[in-house]
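Here is a short briefing to read with the model open beside you. Take it topic by topic, and pick out the named residues in your viewer as you go.

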Amino acid sequence: MNHRHGAKGIVGRGLVGAALALAATAAVAHHSFAVFFDHEKQVSVHGTVSGFVFKNPHGVVVVDVVKPDGSKDTWKAETNSPSMMLRRGWTKDSIHVGDVVTVEGWPARDGALYMRIRELKGPDGKPIGKPADVATEMGQ
Amino acid sequence: MIRRLFGVLAALPLVAAAATPDFSGFWMLERKQIDPDPELAPHVAPNTAVLRDTGAAEFGLMEFGGLKLKPKTLEAAKNWNPKAEMSVSNACRIPSIVYALQGPFPIEIFQGSDILVMRMEYFDMARTFFFNKRFAMPPDAPHTKTGNSIAHWEGDQLVVVTTHLKSATITNNGLDHTDNVKVIERFRLANGGKRLIASQEFEDPEILDNRGVRYISWYKVEGDHVTAYDCDPGIAENYATQ
């Protein structure tokens, strides 16, 4: 599954939510990618950054996504450990509030608007740093 | 003749020194799963489960990779609440070396003749391996997340026995080792010194009917160093508001 949400709204959000609810377990273990995120699904959102924290154990990018009815969803996208992300070309200044970004990643299993970032494209449409892959995130 | 003999004798210490591998340097974890190493595996005790959760991969709920949990331990795992792990008080809780060594973070080794220091990027942990048994701690000494490690060489393998570990997670899913866990590690170089391979075996009969082992590998990176790991428990608030 790979749903892309436009800046003007979210396409298939309900479907994503339903699918995630079906796949959900009660697990939201800290640091446990396999338990917390579904590596067989991908989610993509496009919106405006309203927050960015780049601290261990995980950085978090907060993205406001405007839906077709004008209401707003707030997604939180978790990075790998910043100490590792620095080696992949990220810094604490990679993203700023107000930036329009596209974030792709693996969604939380519990259906929350929360994901682990695979790739984040900045305002210029270019990926920031080196994207992750399942092999990297899952240790495969 | 005498001159030649002196030459041979002078070369002996160099030969002896060369027999001990030098693990010094920065090592990045190879995040892929590796099979049991053919040179390390024969040293692992019988009745030992090979855990294939090394690196970023982790087990799901009630999945323990072949470890046989005692009934009381199993019950505790069933009652484990993952959400509790994401509380502010737990988000930066430091694991012991049982979990941390295989975590997806690099290590940096500084090897001397009497001690070897292993810095772990994960939570800024630093381990000291003592080659002198006089640094073995008495039973009533404090337990820590890095424990007390006594090391020796067996050929080209570094063997490390660690005790005095403070209870912490084994698999990050509700299974914790006790303060009495014993960890036996073997390290060796491979690929001409470009790879470091380890087996980390642990036994904890209070909670397990068998033993566990992980095989872990790293690749050498020149010029890199372990960085600070300032853990901010504020991450818990981001989970909590979802």
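How many helices and how many strands are there in chain B? Chain B has five helices and twelve strands. Please keep in mind that this is a predicted model, and that the predictor gives the complex an ipTM of 0.79 and a pTM of 0.83.

**Confidence in chain B**

- The mean pLDDT of chain B is 90, and 90% of its residues reach 70 or more.
- One stretch to treat with care is residues 8-17 of chain B, where the pLDDT is below 50. Beyond near neighbours in sequence, this stretch has zero contacts in the model.
- Where pLDDT is low, the predicted coordinates should not be read in detail.

**The two chains in outline**

- Chain A contains four helices and six strands. Following the sequence, their order is β-α-α-β-β-β-α-β-β-α.
- Chain A has 140 residues, of which 47% count as buried.
- Chain B has 242 residues, of which 36% count as buried.
- The C-alpha trace of chain B spans about 80 × 40 × 35 Å along its principal axes.
- Take the contacts in chain A between residues at least 6 apart in sequence: 58% of them join residues at least 24 apart. For chain B, the figure for such contacts is 58%.

**Strand E6 of chain A and its partners**

- Strand E6(A), residues 114-121, is mostly covered, with six of its eight residues buried.
- Strand E4(A), residues 72-78, pairs with E6(A) in the parallel sense over three bridges. Here Ala77(A) stands opposite Met115(A).
- Strand E5(A), residues 100-107, pairs with E6(A) in the antiparallel sense over six bridges. Val103(A) is found opposite Leu120(A) of E6(A).
- E5(A) and E6(A) form a hairpin with six residues between the strands, and Gly111(A) in this hairpin takes a positive phi near 85 degrees.

**The nonpolar core**

- Which residues have the most contacts inside the largest nonpolar core? They are Val61(A), Val63(A), Ala77(A), Val103(A), Met115(A) and Val98(B), in a core of 73 residues.
- Leaving aside residues up to four places away in sequence, Ala77(A) touches Val60(A), Val61(A), Val63(A), Val103(A), Gly105(A), Met115(A) and Ile117(A).

**Backbone features to look up**

- Most residues other than glycine have a negative phi, and most peptide bonds are trans.
- The peptide bond from Asn56(A) to Pro57(A) is cis, with omega near 10 degrees. Pro57(A) sits in the loop between strand E2 (42-53) and strand E3 (60-66) of chain A.
- Asp124(B) has a positive phi, near 55 degrees. Asp124(B) belongs to the loop between strand E4 (115-120) and strand E5 (125-130) of chain B.
- His164(B) also has a positive phi, near 60 degrees, and lies in the loop between strand E7 (157-163) and strand E8 (168-169) of chain B.
- The cut-off for buried is 20 or more.

**Parts of chain B that meet across the sequence**

- Leu175(B) lies in the loop between E8 and strand E9 (176-177) of chain B. Leu175(B) has 25 C-beta neighbours inside 10 Å, so this residue counts as buried.
- What does Leu175(B) touch, not counting residues up to four places away in sequence? The list is Phe64(B), Leu69(B), Thr73(B), Ala77(B), Thr169(B) and Ile170(B).
- The C-alpha atoms of Leu175(B) and Lys78(B) are separated by 9.5 Å, although the two residues are 97 residues apart along the chain.
- Ala76(B) is part of helix H2 (residues 71-78) of chain B. With 15 other C-beta atoms within 10 Å, Ala76(B) is partly exposed.
- Between the C-alpha atoms of Ala76(B) and Asp176(B) the separation is 9.4 Å, and these residues are 100 residues apart along the chain.

Methods:
Residues are numbered from 1 along each chain as its sequence is written. Chains are lettered from A and ligands numbered from 1 in the order in which they are written. This is a predicted model: local features need pLDDT of at least 70, side-chain atom pairs count only at pLDDT 80 or more; totals for chains, interfaces and linings use all residues. Helices (H or I, at least four residues) and strands (E, at least two) are DSSP runs, numbered from the N terminus. A residue is buried if 20 or more other C-beta atoms lie within 10 Å of its own, exposed if 12 or fewer, and partly exposed in between; C-beta atoms are placed from the backbone. Two residues are in contact if their C-beta atoms, placed from the backbone, lie within 7 Å. Two strands pair if DSSP finds at least two bridges between them. pLDDT is the predictor's confidence in each residue, from 0 to 100. A nonpolar core is a set of buried Ala, Val, Leu, Ile, Met, Phe, Trp, Tyr and Cys residues joined through C-beta atoms within 7 Å.
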